[in-house]
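Have the model open as you read.

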Amino acid sequence: MSKRKVLLMGKSGAGKTSMRSIIFANYIARDTSRLGPTMEVEHAHVRFLGNMVLHLWDCGGQETFMENYMTAQKDQIFKNVQVLIYVFDVESREVDKDYRNYQNCLEALMQNSPNAKVFCLVHKMDLIQEEMREKVFHDKENDIMRTSDAISSRQRASTQVQCFRSSIWDETLYKAWSAIVYQLIPNVSTMENKLKQLAEIMDADEVLLFEKATFLVIAQAQRATHDDVHRFEKVSNIIKQFKLSCSRMGSQFETIQIRNSSFAAFIDSFTHNTYIMLVLSDANVSSAAVMMNLRNARKHFEKLDSK
C-alpha cells in the first residue's frame, strides 16, 4: 500500500473543502454551500486506484491557524509531503496577505519536503466575466510564478510549481485534479504505453482511463487531434453526475455507448479500479468486437492495477 501526503492550503473561504468534497465525497456543486469552514486541519484518507492512499490534510485558512502552521505545527504539517495544493480565491480583496501566506507555506515546504510538487489553483473563475478569464488567469499565474521563483532563489532550492484555473461549476476542477493525481501514479507511463497499443489494435482515435471512484482521468492515448482540449474533463463531469444519479435510483452504472454519423464512443467498467473510454471514427464498428477486445485487454491492465 503506497501513501501520498497531500496538503490543501489557502485562505479561509477560498473553496478548498468544496472542491475536495466534489472530487472525493460525491458532492455536487450546489450542495457545497452547506459546508462550514474548516477548523484547524481535517484529515481524510482516500483510497485511489485500489492500492494508493491519498492522505489529504485540509488546512483551515483562518489567520490564527496559518500562524500556528508556521510555528508550533511547522514540522508536523510540512514534513513528508508529496504535494502541496495552494488555492487562491481569484476575487480575494487581501491579495498581499494571500501572497505572504503562500510565501510562508512554500518556504516551510522547501525546508521540510524539498522534493514536493506544488500546484496553485486560481479558484472561483466562474465569477470572472468569460471574455476576461484568460487574461485574469495569466496575470495571476505570472504573479504566482514570480513569487515562487523569488522563494526558490532565496532558499537556494527549486521546486516544481504548476498553475491551473478552477471552478466547482465546470470541468476545470476535473482538469486540475486529474493533473495533480497524474503526478502521483507510479506506473502511469506503463499504463499509457499499453493504452497506445490498445488504440493501435482497435484503430481507436482516443483511449483513456478514469479512476473508478472519482472519475478523474489518469492516463490517455491519442491518435487523432481534436479541437476541444477540455473534452475529457467534460466527460468526467457529466458521467460522474450520471453515475451518482444512477446510485440515487438504486441502479449501478456499468457501461454506455454513444453513436452518431461521425464516431462511436464506448465507456465501460474496466479493471477493479478504472473505467475505460474509447472513441472511434468508424461509427459502424461492432459493439461485440469492441467488448471482446476490451475483455482481452482487461487482464493485462489488472496486473498494472495491482502494482
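**The chain as a whole**

In this predicted model, 52% of the 307 residues of the chain count as buried, where buried means under 20% relative accessible area with a 1.4 Å probe and protein chains only. Residues are numbered from 1 along each chain as its sequence is written, and side-chain values use heavy atoms, leaving out hydrogens and water. Local features need pLDDT of at least 70 and side-chain atom pairs count only at pLDDT 80 or more, while totals for chains, interfaces and linings use all residues.

**Fold and dimensions**

- The chain contains nine helices and 11 strands; these are DSSP runs, helices being H or I of at least four residues and strands E of at least two, numbered from the N terminus.
- The radius of gyration of the chain is 20 Å, close to the 19 Å from the globule rule for 307 residues, so the chain is as compact as a globular protein of that length. That radius is taken over C-alpha atoms, and the rule is 2.2 Å times the number of residues to the power 0.38.
- The C-alpha trace spans about 60 × 40 × 40 Å along its principal axes.

**Helices α2 and α4**

- The axes of α2 (residues 63-70) and α4 (residues 95-112) come within 10 Å and cross at roughly 25°; axes are lines fitted to C-alpha atoms over the stretch in contact, with angles from 0 to 180 degrees between N-to-C directions.
- From α2, E63, M66 and M70 meet K97, N101, N104, C105 and A108 of α4, contact meaning heavy atoms within 4.5 Å.

Technical notes. Buried < 20%, exposed > 50% of the residue type's maximum accessible area, 1.4 Å probe, protein only.
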